[in-house]
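Hi,

Here is the structure I said I would pass on.

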Amino acid sequence: MIRIELFANQSLQDMIINNLEGVIPDFFYSVVPLSHGRGKDSYKLGTATWPETNFILIAYCDDSQEQAVRTVIQYVKSKFPDEGVKLFILHEQQP
């Protein structure tokens, strides 16, 4: 099992979710719709000075779906290289 943690500009939320749902059957996830913070190049604080915000998506999937997730996110990053899309995949540790 893998845990997916995805951080991206809120403007990409619908596109990312629709693409993941399109390639992964029964893709179940949770979204934190409004995330404030600081990335490498800018702040995302939802204020007049720093108006943009991010969202966070967390999901658990079978190991076999990892490549599909990576492919979708690579596609989105290639279309929107300046939107701060960050993907983290954590693998379940076996005892």
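Let me start with a polar contact: the side chain of Asn54 has a polar atom 3.4 Å from the backbone nitrogen of Asn9. Bear in mind that this is a predicted model. Asn54 belongs to strand 5, which covers residues 54-61. Its relative accessibility is 15%, and because the cut-off for buried is under 20%, Asn54 counts as buried.

Next, the nonpolar core. As a general point, nonpolar side chains tend to be buried together in soluble globular proteins. In this model the largest nonpolar core has 20 residues. Ile4, Ile16, Phe27 and Leu57 are the ones with the most contacts inside it. As for where the core comes from, at least two residues each are supplied by strand 1, helix 1 (13-23), strand 5 and helix 2.

Phe27 is a handy one to click on. Leaving out residues up to four places away in sequence, Phe27 touches Ile4, Leu20, Glu21, Leu57, Ala59 and Cys61. Two of the names on that list, Ile4 and Leu57, are also among the core residues with the most contacts.

Now the aromatics. There are 2 aromatic pairs in the structure. One of them is Phe7 with Phe88, an edge-to-face pair with 6.0 Å centre to centre and 85° between the planes. This pair links distant parts of the chain, 81 residues apart: Phe7 sits in strand 1 (residues 2-9) and Phe88 in strand 6 (residues 86-91).

Last, the charged side chains. Searching the whole structure turns up 2 salt bridges:

- Glu5 and Arg3 meet through their side chains at 2.6 Å, N to O. Arg3 is partly exposed, with a relative accessible area of 25%.
- Glu66 and Arg70 meet in a salt bridge at 2.9 Å, N to O. Both are in helix 2 (residues 66-79), and because they are 4 residues apart there, about one helical turn separates them.

Cheers

Terms used
Residues are numbered from 1 along each chain as its sequence is written. This is a predicted model: local features need pLDDT of at least 70, side-chain atom pairs count only at pLDDT 80 or more; totals for chains, interfaces and linings use all residues. Side-chain values use heavy atoms; hydrogens and water are left out. Buried means under 20% relative accessible area, exposed over 50%, partly exposed in between (1.4 Å probe, protein chains only). A polar contact is a pair of N or O atoms within 3.5 Å; within protein, one must be able to donate a hydrogen and the other to accept it, and residues adjacent in sequence count only if both atoms are side-chain atoms. Rings of Phe, Tyr and Trp (its six-membered ring) pair if their centres lie within 6.5 Å; planes under 30 degrees apart count as stacked, over 60 as edge-to-face and the rest as tilted. A salt bridge is a side-chain nitrogen of Lys or Arg within 4 Å of a carboxyl oxygen of Asp or Glu. A nonpolar core is a set of buried Ala, Val, Leu, Ile, Met, Phe, Trp, Tyr and Cys residues joined through side-chain atoms within 4.5 Å. Contact means heavy atoms within 4.5 Å.
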